[in-house]
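Take a walk through the fold below.

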Amino acid sequence: MVSDRGIGPDETNPGLVSAAIQAITQHIRVEGLGPGDLLPSEADMTRKLSVSRTVVREAFRSLSAMRLIDMSAGRRASVAKLDIGAMSMVIEHGVTTEQISVQQVYDVRRTIEMRTVALAALRRTDAEAAEIQKCAQLMRENYRTPEIVMEHDIAFHEAIARASHNPVFSLIIKAFSGVTRRTWVIGWRTRATEEEQIKMIEGHADIARAIIAGNPQLAAEHMAAHFDKSVKALIDAGIA
């Protein structure tokens with residue numbers, strides 16, 4: 001139970017809102033609710049927690065902003081599916097405000113994706129392997145159009161994450177896509193010749209072949225080399 005004694009009906013107390021958020025998330029856990037399942041109404045939750053409706057409304061809004069619940073006019077709130085929006089915003093905000101650097105993001109990605117690609121080599125289905133290979137092929141076919149290459153590059157890494165069969169990796173890799181789009185073209189331009197650009201793309205083909213061969217060690221080695229070269233390209237472009 002949360003008490004808001006002394007708080008007017010139109011006022012919100014951060015401590016009470018925080019406690020209400022915890023109570024709502026606990027309700028989801030205790031009741032075993034899954035994506036799409038309905039939460040109690042604002043009125044019901046107000047009675048359950050013994051707080052003002054304003055506090056409950058703010059708690060719902062906060063959970064919605066964090067993409068933990070879905071809200072729409074005229075309908076009760078429901079449990080949301082996993083969404084990378086909040087994580088992606090935190091990473092991009094950190095880079096924008098210079099609290100973290102692009103190189104630090106790539107360092108973390110390198111570590112995560114070496115593990116992800118190793119798991120993909122062990123766990124991928126034939127269809128997933130074909131999708132990964134197709135992304136690499138489309139990068140090669142469209143190498144004269146950097147914007148298209150970038151989209152297939154991002155899709156390539158996301159396909160590998162899915163093939164790891166660990167949804168946490170998929171969430172994390174997708175969360176990096178915003179920073180990737182901000183830096184990818186810069187890195188591409190440092191590869192001034194067509195030969196250098198094709199060599200970068202071929203690095204993706206090497207990764208795909210290792211996954212298809214079911215060789216996790218080789219796949220991880222190729223992924224590490226890919227990120228080392230990407231970081232060097234960003235350093236050469238003056239990206240810290």
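**Helix packing and selected residues**

The axes of α9 and helix α10 (residues 194–212) cross at roughly 125° and come within 8 Å of each other. That angle makes α9 oblique to α10. Oblique is what remains once other classes are taken out: under 35 degrees is roughly parallel, over 145 roughly antiparallel, and 65 to 115 roughly perpendicular. From α9, the contact draws on W184, W188 and T190; from α10, on E196, Q197, M200 and I201. Contact here means heavy atoms within 4.5 Å. By class, this contact of α9 with α10 has four nonpolar, two polar and one charged residues. Ala, Val, Leu, Ile, Met, Phe, Trp, Tyr, Cys and Pro count as nonpolar; Asp, Glu, Lys and Arg count as charged; the others, Gly among them, count as polar.

A word on the basis. This is a predicted model, in which local features need pLDDT of at least 70 and side-chain atom pairs count only at pLDDT 80 or more, while totals for chains, interfaces and linings use all residues. Residues are numbered from 1 along each chain as its sequence is written, and side-chain values use heavy atoms, with hydrogens and water left out. Helices (H or I, at least four residues) and strands (E, at least two) are DSSP runs, numbered from the N terminus.

Two packed helices are described by the angle between their axes and the distance between the axes. The axes are lines fitted to C-alpha atoms, for helices over the stretch in contact, and the angles run from 0 to 180 degrees between N-to-C directions.

Helix α9 has another partner. Helix α5 (residues 102–123) packs with helix α9 (residues 177–190) at an angle of about 120°, the axes lying 11 Å apart. The crossing of α5 and α9 is left-handed. Left-handed means that the near helix is turned anticlockwise from the far one by less than a right angle; clockwise gives right-handed. On α5 the contact residues are V102, V105, Y106 and R109; on α9 they are V179, T180 and T183. These residues of the α5 and α9 contact divide into four nonpolar, two polar and one charged.

Now turn to α4 and α8. Helix α4 (residues 85–96) and helix α8 (residues 167–175) pack at about 40°, with axes 8 Å apart. The two helices, α4 and α8, are therefore oblique to each other. Their crossing, α4 with α8, is right-handed. M87, S88 and I91 of α4 meet L171, I172 and A175 of α8. The contact of α4 with α8 has five nonpolar residues, one polar and no charged.

Go back to α5 and look at a single side chain. T116 sits in helix α5. At a relative accessible area of 1%, T116 is buried. Buried means under 20% relative accessible area, exposed over 50%, and partly exposed in between (1.4 Å probe, protein chains only). Setting aside neighbours within four places in sequence, T116 contacts I160, A161, S164 and F169.

A159 belongs to helix α7 (residues 146–163). With 1% relative accessibility, A159 counts as buried. Beyond four places in sequence, A159 is in contact with E131 and I132. A159 and V117 are 42 residues apart in sequence, and their C-alpha atoms are 9.9 Å apart.

V117 turns up again from helix α11. A220, a residue of helix α11, touches M114 and V117, not counting residues up to four places away in sequence. A220 is buried, at 13% relative accessible area. A220 and A121 are 99 residues apart in sequence, yet 9.2 Å apart from C-alpha to C-alpha. K229 also lies in helix α11 (residues 216–236). K229 counts as exposed, at 51% relative accessibility.

Last, the annotated segment. The UniProt annotation "domain: HTH gntR-type", from an unreviewed entry, covers residues 14–82. Such annotations may be inferred rather than shown by experiment, and their positions are given in the numbering used here, with feature names shortened. Over residues 14–82 the chain is 57% helix and 13% strand, and the end C-alpha atoms are 26 Å apart.

Check the backbone at two loop residues. S50, in the loop between α2 (42–49) and α3 (53–65), has a positive phi of about 60° although S50 is not a glycine. R67, in the loop between α3 and β1 (69–72), has a positive phi of about 65° and is not a glycine either. S50 is partly exposed at 35% relative accessibility, and R67 is partly exposed at 34%.
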